[in-house]
Structure formats: structure tokens, C-alpha cells
Amino acid sequence: MNNFAPGAVLGVPVWLAVCALVALSCILALVGFCAVTVLRRADQRDLPQALLGLSHVISAMCGLLPWGKPTPPPALPEQATSEAEPPTAPTVVLVREQPAVPIVLPRDPR
């Protein structure tokens with residue numbers, strides 16, 4: 001014997017099931033649109049970083065699902081720099097007891 005109401009699917013009213021399917025398909029379409037847009041605009045050599053960034057976006061969109069919990073995706077890899085940056089010049093701060101007339105010094109042309 002069936003205990004379900006005539007307008008129910010698996011115990012859920014039909015209108016609610018249809019609304020849930022529409023919402024889930026909209027979320028899936030949004031994820032697909034983001035993926036296609038990112039992959040079209042990404043340069044071929046930047047594809048691994050683009051895919052990793054896309055995984056961040058998809059993980060964040062999982063929070064829109066009622067049962068979804070966004071998980072922290074892996075961190076972006078550090079790019080190895082071939083040249084070491086020159087050390088920055090130390091900052092010098094002069095403190096005087098009485099205010100002095102401001103002096104404009106020319107900047108180092110490095």
C-alpha cells in the first residue's frame with residue numbers, strides 16, 4: 001500500500017521537488033558558465049593556476065547547496081623567482097623636538 005499523497009514524489013510535494021530541481025540546475029549552470037568563461041580567457045601556460053582558482057570558486061559555490069559544506073581547497077603554489085629582488089633601502093626617520101621647515105630631497109634614480 002502506498003502512504004504517499006497523490007501529488008507527491010517520494011513523500012515530497014511535486015511543486016517543492018520541481019523548485020529544488022530548478023534551483024539545482026541553476027547552480028549547475030552557474031558553475032558551468034564560470035568554468036567555460038575562465039577556461040576561454042585563460043592563457044595556455046596559466047591553465048594550472050586557472051583550474052586551481054576555478055576549484056576555489058566551485059568550492060565556494062558548494063555552500064549554496066543545502067547539504068554542501070565548502071571545503072578549503074589547496075593553496076595556490078608559489079612561483080619560483082629566477083632573480084632575487086634587491087634589498088630595499090632602509091627607511092630613515094628624523095625626529096626633532098621643534099618643527100622644522102620641510103625640505104624636499106631628490107629621489108634616488110635607481
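Arg45 sits out in the open, with a relative accessible area of 70%, and its side chain meets that of Asp43 in a salt bridge at 3.5 Å, N to O. That's the one salt bridge the structure holds. Keep in mind that this is a predicted model, and the protein chain averages a pLDDT of 76.

**The charged pair**
- Asp43, the partner of Arg45 in the salt bridge, is partly exposed, with a relative accessible area of 36%.
- Arg45 counts as exposed because its 70% is over the 50% cut-off, while Asp43 at 36% falls between 20% and 50%, so the label there is partly exposed.
- As a general point, side chains of opposite charge can pair when their charged atoms come close.

- In the protein chain, 75% of the residues score a pLDDT of at least 70.
- Confidence is highest in helix H1, which covers residues 14–41 and comes in at 86.
- At the other end is strand E1, residues 8–9, where confidence is lowest with a mean of 68.

**Overall layout**
- The protein chain has two helices and two strands, and reading along the sequence gives you β-β-α-α.
- Take the contacts in the protein chain with a separation of 6 or more, and 31% of them come from residues 24 or more positions apart.

**Surface**
- The protein chain has an accessible surface of about 10400 Å², and carbon and sulfur atoms own 66% of that.
- Val12, Trp15 and Leu16 make a nonpolar surface patch of about 300 Å².
- Trp15, one of the patch residues, lies in helix H1.
- Trp15 is exposed, too, with a relative accessible area of 60%; that label applies because 60% is over the 50% cut-off.

**Cysteines**
- How many disulfides are there? The count comes to zero, using a cut-off of 2.5 Å between cysteine sulfur atoms.
- For reference, a disulfide is a covalent bond between the sulfur atoms of two cysteines.
- Cys19 is partly exposed at 46% relative accessibility, and Cys26 is partly exposed as well, with a relative accessible area of 48%.
- Both values lie between 20% and 50%, so Cys19 and Cys26 each get the partly exposed label.

Methods. Residues are numbered from 1 along each chain as its sequence is written. This is a predicted model: local features need pLDDT of at least 70, side-chain atom pairs count only at pLDDT 80 or more; totals for chains, interfaces and linings use all residues. Side-chain values use heavy atoms; hydrogens and water are left out. pLDDT is the predictor's confidence in each residue, from 0 to 100. Helices (H or I, at least four residues) and strands (E, at least two) are DSSP runs, numbered from the N terminus. Buried means under 20% relative accessible area, exposed over 50%, partly exposed in between (1.4 Å probe, protein chains only). Patches are made of residues with over 30% relative accessible area and no salt bridge: like charges are joined within 9 Å, nonpolar side chains (Val, Leu, Ile, Met, Phe, Trp, Tyr) within 5 Å. Accessible areas come from the Shrake-Rupley method with a 1.4 Å probe; for residues, only the protein chains shown count as cover. A salt bridge is a side-chain nitrogen of Lys or Arg within 4 Å of a carboxyl oxygen of Asp or Glu. Contact means heavy atoms within 4.5 Å.
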